[in-house]
Amino acid sequence: MRRGLDRAVVGRVVAGVEVAHVRAVRRHLLGVRDFETALPGRRVLAACRRGKYLWLPLDDDRALVAHLGMSGQLLMVPAEMPLQAHLRVRTRFAGGGSELRFVDQRTFGGLFLDDLVPDRAPVGPAGNHDPVLGGIPAVLSHIARDPCDPAFPDEAFRLALRLRRTGIKRALLDQSLISGVGNIYADEALWRARLHYARPTETLTRRDVEAVLAGVRSVFAQALAAGGTSFDSLYVSTEGVSGLFDRSLAVYARAGQPCLRCGTAVLRDPFMNRSSFTCPRCQPRPRRARW
DNA sequence: AGACCAACCTGCTGGC
DNA sequence: TGCCAGCAGGTTGGTC
């Protein structure tokens with residue numbers, strides 16, 4: 001989606017914004033009216049992402065920030081396209097052409113404007129090869145780097161896991177430790193690392209943590225190449241195209257089906273009001289479990 | 001400070 | 001066929 005925005009809106013000037021549903025503009029302290037009036041005239045300088053947040057730096061040291069929540073979409077569509085049932089915000093650009101529509105069935109996602117501030121997220125030994133343009137939105141200062149960011153600090157992540165008193169999956173879902181990992185990719189990464197989700201983080205060896213990071217990174221790379229994971233038409237690119245990674249899932253949503261490594265039936269457990277999927281043989285439950 | 005849960009929404013599916 | 005419980009990819013803010 002970031003790449004789609006990069007192609008479609010970077011360099012363009014906002015001509016007008018219409019908010020169709022006030023709750024889709026969240027965390028914007030000055031209100032919806034200010035959101036609508038502040039954007040016209042601003043030029044989009046880039047399309048950035050950290051974890052599950054996307055933002056468009058503007059030419060006033062602020063950024064248009066988006067989080068898609070569970071069901072949000074950012075679509076580039078011709079202005080004459082019929083309005084979607086769950087259209088929340090329309091953004092038109094100078095010179096016409098396609099407009100950007102934020103569509104969100106469940107309204108767990110939202111848009112807002114925020115100040116860009118210096119990026120203070122911890123940096124690994126590789127250094128920061130990929131500085132974000134003009135800083136990061138102020139409210140994202142608690143979001144850790146994405147594991148695919150070359151500056152992701154592997155060693156600091158390992159030490160943070162040692163200090164935590166929780167299970168590895170809870171830690172993976174904590175966006176202040178590592179960003180971008182959600183319920184699907186956590187399960188897939190842990191299957192690749194052969195670790196159970198309830199494994200206490202303080203018992204993980206250096207090798208375990210390396211396996212977790214390798215698992216997350218390989219899942220991310222393959223899922224990205226496949227255009228993401230789309231169980232239904234809600235999960236689409238800016239062009240409305242569904243991703244294909246659901247066909248490559250090893251455990252997620254495969255309860256009762258054979259593990260792709262050993263053939264054992266995949267298990268589904270309730271976890272944090274959702275589900276965890278594991279292979280009971282490749283990922284045995286630890287004697288001392290934390291979840 | 002860290003851990004954990006309810007709340008925020010709409011829509012679909014499966015069981016009765 | 002209709003109804004309802006349960007479930008769906010996430011984050012925040014509150015309590016303990």
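Good morning. Of the atoms of DNA strand B that lie within 4 Å of the protein, 65% belong to sugar or phosphate, and the rest belong to bases. What I am presenting is a predicted model, in which local features need pLDDT of at least 70 and side-chain atom pairs count only at pLDDT 80 or more, while totals for chains, interfaces and linings use all residues. Residues are numbered from 1 along each chain as its sequence is written, chains are lettered from A and ligands numbered from 1 in the order in which they are written, and side-chain values use heavy atoms, with hydrogens and water left out.

A polar side-chain atom of T166 lies 3.3 Å from a phosphate oxygen of DNA strand B.

I turn to DNA strand C. Of the 22 residues around DNA strand C, R27, T229, Y235, Y252 and S275 come nearest. Sugar and phosphate make up 54% of the atoms of DNA strand C that come within 4 Å of the protein. Bases are approached as well: a polar side-chain atom of D232 is 3.1 Å from a base oxygen, and a side-chain N or O atom of Y235 is 2.9 Å from a base nitrogen. S275, by contrast, places a side-chain N or O atom 2.5 Å from a phosphate oxygen of DNA strand C. The surface near DNA strand C divides into 7 nonpolar, 9 polar and 6 charged residues.

Finally, the cysteines. How many disulfides does a search of the whole structure find? The count is 0, a disulfide being a pair of cysteine sulfur atoms within 2.5 Å. The sulfur of C262 has its closest cysteine sulfur in C279, 3.6 Å away, which is too far for a bond. C262 is partly exposed, at 29% relative accessible area, whereas C279 is buried, at 0%. Buried means under 20% relative accessible area, exposed over 50%, and partly exposed in between, with a 1.4 Å probe and protein chains only.

How values were computed. A residue is near a molecule or strand if one of its heavy atoms lies within 4 Å of it. A polar contact is a pair of N or O atoms within 3.5 Å; within protein, one must be able to donate a hydrogen and the other to accept it, and residues adjacent in sequence count only if both atoms are side-chain atoms. Ala, Val, Leu, Ile, Met, Phe, Trp, Tyr, Cys and Pro count as nonpolar, Asp, Glu, Lys and Arg as charged, and the others, Gly among them, as polar.
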